Amino acid sequence: MSGGGNGKFDLDKAFGGAGKVTIEKEETPQDADHRRRKDMILFVVALTLLVIVIAVCGWVILFSGEPAELKNNATHLVTLFIGGALGYVFGKKTD
């Protein structure tokens, strides 16, 4: 039943390919709460930074007397964020 002495166990040989084996980690309610809290904090921080960057770029593009090169860079950055958001929302779903 072993995989030829290499320390591995071949389930297909042992059970003839019948059935399905699933390994799932048990998550306690405290672990789940901690994970959700951590994910929410990271989401809020990332969203805040994104809004700040887009606001600064918008200010540079619309209201500042900055050089054309800086306005061009800000426009490219805003376009990058818009493209990323559209790709996330309308991107191809993979299973």
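A residue is called buried here when its relative accessible area is under 20%, exposed when that area is over 50%, and partly exposed in between. By that criterion, 6% of the 95 residues of the protein chain count as buried in this predicted model. The secondary structure of the chain comes to 3 helices and 0 strands, and along the sequence the elements follow the pattern α-α-α.

Helix α2, which covers residues 29-62, has 34 residues. From its first C-alpha to its last, α2 reaches 49 Å, close to the 50 Å expected at 1.5 Å a residue. The buried residues of α2 are Ala32, Cys57 and Val60, and the element against which the buried residues of α2 pack is α3 (68-90).

The relation between these two helices can be described through their axes, which come within 9 Å and cross at roughly 140 degrees. In passing α3, α2 forms a left-handed crossing. The residues that make this contact are set out below by helix.

| Helix | Residues in the contact |
|---|---|
| α2 | Leu50, Val53, Ile54, Cys57, Val60, Ile61 |
| α3 | Leu70, Lys71, Ala74, Thr75, Leu77, Val78, Phe81 |

By class, the residues of the contact of α2 with α3 divide into 11 nonpolar, 1 polar and 1 charged. Cys57 and Val60 are among the buried residues of α2, and both also take part in the contact with α3. As background to the spacing of such positions, an α-helix has 3.6 residues a turn, so residues three or four places apart point the same way.

Leaving aside residues up to four places away in sequence, Phe81 touches Leu50, Val53 and Ile54, which belong to the α2 side of the contact. Although Phe81 and Val53 are 28 residues apart along the chain, their C-alpha atoms are separated by 9.8 Å.

Methods: Residues are numbered from 1 along each chain as its sequence is written. This is a predicted model: local features need pLDDT of at least 70, side-chain atom pairs count only at pLDDT 80 or more; totals for chains, interfaces and linings use all residues. Side-chain values use heavy atoms; hydrogens and water are left out. Helices (H or I, at least four residues) and strands (E, at least two) are DSSP runs, numbered from the N terminus. The expected span of a helix is 1.5 Å times one less than its number of residues. Buried means under 20% relative accessible area, exposed over 50%, partly exposed in between (1.4 Å probe, protein chains only). Contact means heavy atoms within 4.5 Å. Axes are lines fitted to C-alpha atoms, for helices over the stretch in contact, and angles run from 0 to 180 degrees between N-to-C directions. A crossing is left-handed if the near helix is turned anticlockwise from the far one by less than a right angle, and right-handed if clockwise. Ala, Val, Leu, Ile, Met, Phe, Trp, Tyr, Cys and Pro count as nonpolar, Asp, Glu, Lys and Arg as charged, and the others, Gly among them, as polar.
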